[in-house]
Amino acid sequence: MTTEATAEQAQQALREEFEMFDNWMDRYQYIIDMGKQLPAFPEVWKTPELKIQGCQSNVWMHHRCESGVLHFDAVSDAAIVSGLIAVLMRIYNGRPPAEIRATSPHFMQDLGLDKHLSPTRSNGLHAMLAKIYEVAEREAA
């Protein structure tokens, strides 16, 4: 569940947290530690329909809309990708579709992910983000 009131506040809080670290090894470790806190993902959700295409590692994302709010669950078999999922969940999970659609993903630049992720990890992050926006677009319609 989200702790910040808005997706923008979540991005700001993440930026402030990342500023505490002096180097990228510590930031990577923080991302990995965030991924270890993800809630359990039921095995029955690991289906081809829920698998995110474009990720080098295996990633599955499930969503549901309850009372006008989107809830996402996701999992990966790679530690760093699980951490990236945790970042996305912190920003976008538990938000109305309109807020998700209106939230620019500037966290990638703010946190330095655009410069420090490998091209394959960056592609995977973009694929997960595209899925979140696609779901929000569909649910808003």
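**Close-up views of the predicted model**

**View 1. The salt bridge between Glu134 and Lys131 in helix 7 of the predicted model.** Glu134 is partly exposed, its relative accessible area being 42%, and its side chain meets that of Lys131 in a salt bridge with an N to O distance of 3.4 Å. Lys131 also counts as partly exposed, at 23% relative accessibility. Both residues lie in helix 7, 3 residues apart, which is about one turn of the helix. An α-helix has 3.6 residues a turn, so residues three or four places apart point the same way.

**View 2. Helix 7 and its packing partners.** Helix 7 has 22 residues, and the 31 Å from its first C-alpha to its last is close to the 32 Å expected at 1.5 Å a residue. Its buried residues are Ser122, Gly124, Leu125, Ala127, Met128, Leu129, Ile132, Tyr133, Val135 and Ala136, and they pack against strand 1, strand 2, helix 3, helix 4 (97-102), helix 5 and helix 6 (113-116).

**View 3. The largest nonpolar core.** This core holds 40 residues, of which Leu88, Tyr92, Phe107, Leu113, Leu125 and Met128 touch the most other members. At least two core residues are supplied by each of helix 1 (7-18), helix 2 (24-35), strand 1 (59-66), strand 2 (69-76), helix 3 (79-92), helix 5 (107-110) and helix 7 (119-140), and the largest share, 10 residues, comes from helix 3.

**View 4. The surroundings of Phe107.** When residues up to four places away in sequence are not counted, Phe107 touches Gln11, Val87, Leu88, Ile91, Tyr92, Gly112, Leu113 and Leu125. Among these contacts, Leu88, Tyr92, Leu113 and Leu125 are listed, together with Phe107 itself, as residues that touch the most other members of the largest nonpolar core.

**View 5. The salt bridge between Glu17 and Arg90.** The side chains of Glu17 and Arg90 meet with an N to O distance of 2.5 Å.

View 6. The structure holds 9 salt bridges. Arg64, Glu66 and Asp73 are linked in a network of salt bridges.

How values were computed:
Residues are numbered from 1 along each chain as its sequence is written. This is a predicted model: local features need pLDDT of at least 70, side-chain atom pairs count only at pLDDT 80 or more; totals for chains, interfaces and linings use all residues. Side-chain values use heavy atoms; hydrogens and water are left out. A nonpolar core is a set of buried Ala, Val, Leu, Ile, Met, Phe, Trp, Tyr and Cys residues joined through side-chain atoms within 4.5 Å. Buried means under 20% relative accessible area, exposed over 50%, partly exposed in between (1.4 Å probe, protein chains only). Helices (H or I, at least four residues) and strands (E, at least two) are DSSP runs, numbered from the N terminus. Contact means heavy atoms within 4.5 Å. The expected span of a helix is 1.5 Å times one less than its number of residues. A salt bridge is a side-chain nitrogen of Lys or Arg within 4 Å of a carboxyl oxygen of Asp or Glu.
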